[in-house]
Amino acid sequence: MTKSGAEKKRVRRASAAQNGTRDLNNDTPPRKQATEKDLFQLFSEKVRDHKELESRWAVLQETRVEYFRGKDFVSVLTKHPELKEVLESDRSLGADDIANVLLSKNLLVRCDRVVKTVRPGKKKLSTWPAHLEIFPDQVFSETDAFFAWTFVKRRPLWQTILSFVWPVVTLAICLFPVFPHQCKLVVLYTCAGLLLLIFSLLSVRGLIFGVLWIILGKRVWFFPNILAEETTLSELFQFWPKKDEEERPKWTSRLFYAIVAALFILFLRHHAPDEAARARYHKKVSNIIDDVLEWSPRLALSGLMENQETVLNATETHSATPEEQVAQPEEHEVEEETLGNEGDADHHHN
């Protein structure tokens with residue numbers, strides 16, 4: 001059953017009146033709403049880039065996100081109220097209210113740790129969990145609450161420059177065999193020095209940890225984040241160790257590992273190579289390095305030409321044509337007849 005024209009007009013007027021009422025109730029014009037959204041976006045970027053807001057990277061639903069703690073957010077805004085000046089008319093809002101606005105604008109999302117039980121051997125939960133999940137109640141809180149940024153951070157200038165430099169570095173690595181000899185030496189000694197530094201650092205770090213763990217029962221890792229996967233560049237080279245939150249190991253386990261370490265050292269000392277073996281190994285490695293450094297396209301091409309000439313000469317001497325093979329038996333027969341005639345002549349003469 002179709003509606004009449006009068007009923008359609010009545011419905012249109014009612015919908016228009018409802019829209020007008022909504023516009024009157026909404027005091028903020030659309031342009032102002034967009035401006036406020038931009039202001040909160042700028043505020044989020046400014047707070048995210050602030051050096052005193054401690055943050056970490058974690059995995060949230062198979063996506064790496066940067067997150068912070070609620071109490072750190074409140075602490076930064078309390079110490080630096082000038083950050084709220086970007087909000088203009090909303091600068092008087094408290095940290096909780098600002099965070100709730102960011103949550104409503106989907107600039108933040110509240111998260112919770114995936115592992116909620118203390119692992120065996122530890123006294124409390126991890127301060128910065130590596131895996132997060134979305135919290136059901138999207139309301140700001142300071143107590144054991146984590147918040148992840150949802151917008152993509154602006155790329156710094158050095159990252160943009162690095163994205164153009166990497167292909168050049170890759171191409172240079174591929175063209176290493178055609179480098180001049182001096183450039184090869186610089187690259188070789190630089191890489192060897194970096195590898196030596198890395199292995200020396202890891203060895204000294206492990207040695208200090210083992211000695212302090214066996215003697216004092218303390219877990220002391222200098223450069224604690226040097227092997228971490230989810231960390232920033234500044235955290236990667238943090239020198240001072242973190243506080244040991246795990247239980248102290250038993251003296252039996254420390255004694256066992258001390259005996260194992262002593263036996264391992266004695267085994268290495270007993271089977272250490274002698275001077276002759278070290279000299280042979282050093283000569284072998286030196287020859288390999290010399291071959292890499294002295295290689296050049298001209299030498300490679302000349303070596304290929306010489307090998308081809310040698311192969312051709314060898315095939316010419318070892319392979320004969322069918323005519324030559326037929327001629328060779330005839331020559332042998334003539335030589336045998338000549339030797340036979342000379343033998344008969346000598347016999348008659350006698």
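Q: Which residues does Pro129 touch, not counting residues up to four places away in sequence?
A: In this predicted model, Pro129 is placed in the loop between E3 and strand E4 (131–134). Its partners, with residues up to four places away in sequence left out, are Ala58, Tyr67, Arg113 and Phe146.

Q: Is Pro129 buried or exposed?
A: A residue counts as buried when its relative accessible area is under 20%, and as exposed when this area is over 50%. Pro129 has a relative accessibility of 9%, and therefore it counts as buried.

Q: How far apart in space are Pro129 and Phe146, C-alpha to C-alpha?
A: Phe146 is one of the residues that Pro129 touches. The two residues are 17 residues apart in sequence, and their C-alpha to C-alpha separation in space is 9.7 Å.

Q: Which residues of strand E5 are buried on its two sides?
A: In a regular strand, side chains alternate between the two faces of the sheet. Strand E5 spans residues 146–149, and both of its faces are covered. The buried residues are Phe146 and Ala148 on one side, and on the other Phe147 and Trp149.

Q: Which residue in E5 is the bridge partner of Tyr67?
A: Strand E2 (residues 64–69) pairs with E5 in the antiparallel sense, over three bridges. Within this pairing of E2 and E5, the partner of Tyr67 is Ala148.

Q: Which residue stands opposite Ala148 in E5?
A: E5 also pairs with strand E3 (residues 108–113), in the antiparallel sense and over four bridges. Opposite Ala148 stands Val109.

Q: Which backbone oxygen does the side chain of Arg48 reach, and at what distance?
A: Arg48 lies in helix H2 (residues 30–48). Among its contacts, with neighbours within four places in sequence left aside, are Trp57, Glu66, Trp149 and Phe151. The side chain of Arg48 reaches the backbone oxygen of Phe151 at 2.9 Å.

Q: Why does Arg48 count as buried?
A: The limit for a buried residue is a relative accessible area under 20%. Arg48 counts as buried because its relative accessibility is 9%.

Q: Is Asn106 buried or exposed?
A: Asn106 belongs to the loop between helix H4 (95–104) and E3. Its phi is near 60°, a positive value in a residue other than glycine. With a relative accessibility of 58%, Asn106 counts as exposed.

Q: Is Phe223 buried or exposed?
A: Phe223 is found in the loop between helix H6 (181–215) and helix H7 (233–236). Phi of Phe223 is near 50°, which is a positive value in a residue other than glycine. At 18% relative accessibility, Phe223 counts as buried.

Q: How many nonpolar, polar and charged residues are in the lining of the second largest pocket?
A: About 170 Å³ of space lies in the second largest pocket. Its lining is formed by Leu194, Leu197, Ile198, Leu201, Leu202, Ile226, Leu227 and Phe237. By class, this lining has no polar residues, no charged residues and eight nonpolar residues.

Q: What percentage of the 350 residues in the chain is buried?
A: The chain as a whole has eleven helices and five strands. Of its 350 residues, the buried ones make up 19%.

Q: Among contacts in the chain between residues at least 6 apart in sequence, what percentage joins residues at least 24 apart?
A: A contact means heavy atoms within 4.5 Å. Among contacts between residues at least 6 apart in sequence, the share that joins residues at least 24 apart is 62%.

Methods
Residues numbered from 1 in each chain as written. Predicted model: local features only at pLDDT ≥ 70, side-chain atom pairs only at ≥ 80, totals over all residues. Heavy atoms only, no water. Buried < 20%, exposed > 50% of the residue type's maximum accessible area, 1.4 Å probe, protein only. Pairing = 2+ DSSP bridges. 1 Å grid on protein atoms, 1.4 Å probe; cavity = no way out; pocket = protein on both sides within 12 Å on 5 of 7 lines; lining within 4 Å. Points joined across faces, edges and corners; volume = space filled by probe spheres on them. Nonpolar A, V, L, I, M, F, W, Y, C, P; charged D, E, K, R; others polar. Polar contact = N/O pair within 3.5 Å; in protein donor to acceptor, adjacent residues only side chain to side chain.
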